[in-house]
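Please look over the sequence and the structure below. The paragraphs after them go through a few parts in turn.

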Amino acid sequence: MGSVNQTTISEFILLGLSEDPALQPFIFTLFLSIYLITTLGNLLIILAVTSDSQLHTPMYFFLSSLSLNDICLITTTIPKMLVNIQTLDQTITYTGCLSQVCLILNFAGIENCLLAVMAYDRYVAICHPLKYIVIMNPHFCVISLLFSLLCSIIHALFHTLMVLLLSFCTEVEIPHFFCELAQIIKLACSDNYINFLLVYTVSVLFFGIPVFGILLSYIQIVSSVLKMSSLGGKYKAFSTCGSHLSVVLLFYGTGFGVHISSAFTDSPRKTIVASVMYTVVTQMLNTFIYSLRNKEMKKAFRKIFSRITYIL
């Protein structure tokens, strides 16, 4: 099969979750519901944090940033899929596809960094409570957020620019509902060994360092909690970490599943399922985890609903 230079490629074809026309209405309804629940739920979290002065703390500052990032991440994938289903058009432009790759990598990277910073926040709160206000000051919080954004942008642009160097065959069908980096590299007619090597090498570094930081933080947290003599103190300390730890396990567990399925399986269907968990389901569940497991958030929600009820 002959190859053409990537500059002549004008569009890719997203095959979606299923080629069965009978399933398209169900898929459309399901993912539209997931998108609305995720977006509205995270907007509610942001509204609760910004409107309640008791939640103006570093932990909730990072939580609201995480919620905003989850909205952005899920918006890069689902709306395009819904439009394709509705218009019966599976194409996405070459520029649009690379833009989607860059945005997904960027927002996934921000989430990766934010989870590490939130783990450090819990470490300082539990292990150094008297120094918490001094260490986790507003300046440090803003710098941490900006640094996370900068690192994520560099990571996303690096991989996107590497894709620009590839040449693609006339076969441009992506067995996915969005432009995933690994799937695009597989379509290249030119040598893609370097790209795959860089994907896994850079990913190990970029995601591995925050994971190491999270593990180190929780080792210190567990060590400090076990030294507490009060059972009530131990329960309170662990409860403040429960939501964050649940999100960490969900995010990295599904992300690890995506890379494993891409590397060791030839089944596009298994890769798609793992990616749905990573880019869609995780963002929806984050909303419920931080809402239902957090007393302060539930209290803030009740205040919001009571104000809405009073106005109505």
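**Surroundings of Ala156**

Leaving aside residues up to four places away in sequence, Ala156 touches Cys102, Leu105 and Asn106, where contact means heavy atoms within 4.5 Å. The model is predicted: local features need pLDDT of at least 70, side-chain atom pairs count only at pLDDT 80 or more, and totals for chains, interfaces and linings use all residues. Residues are numbered from 1 along each chain as its sequence is written, and side-chain values use heavy atoms, with hydrogens and water left out.

Ala156 is part of helix H6 (residues 138-164); helices (H or I, at least four residues) and strands (E, at least two) are DSSP runs, numbered from the N terminus. With a relative accessible area of 0%, Ala156 is buried. Buried means under 20% relative accessible area, exposed over 50%, and partly exposed in between (1.4 Å probe, protein chains only).

An unreviewed UniProt entry lists several spans as "transmembrane region", among them 98-120 and 132-158; its positions are in the numbering used here, feature names are shortened, and annotations may be inferred rather than shown by experiment. Residues 98-120 are 100% helix and 0% strand, with end C-alpha atoms 33 Å apart. For residues 132-158 the values are 93% helix, 0% strand and 36 Å.

E2 pairs with E3 (residues 91-93) in the antiparallel sense over three bridges; strands pair if DSSP finds at least two bridges between them. Thr91 is the bridge partner of Ile13 in E3, and Glu173 is its partner in E5.
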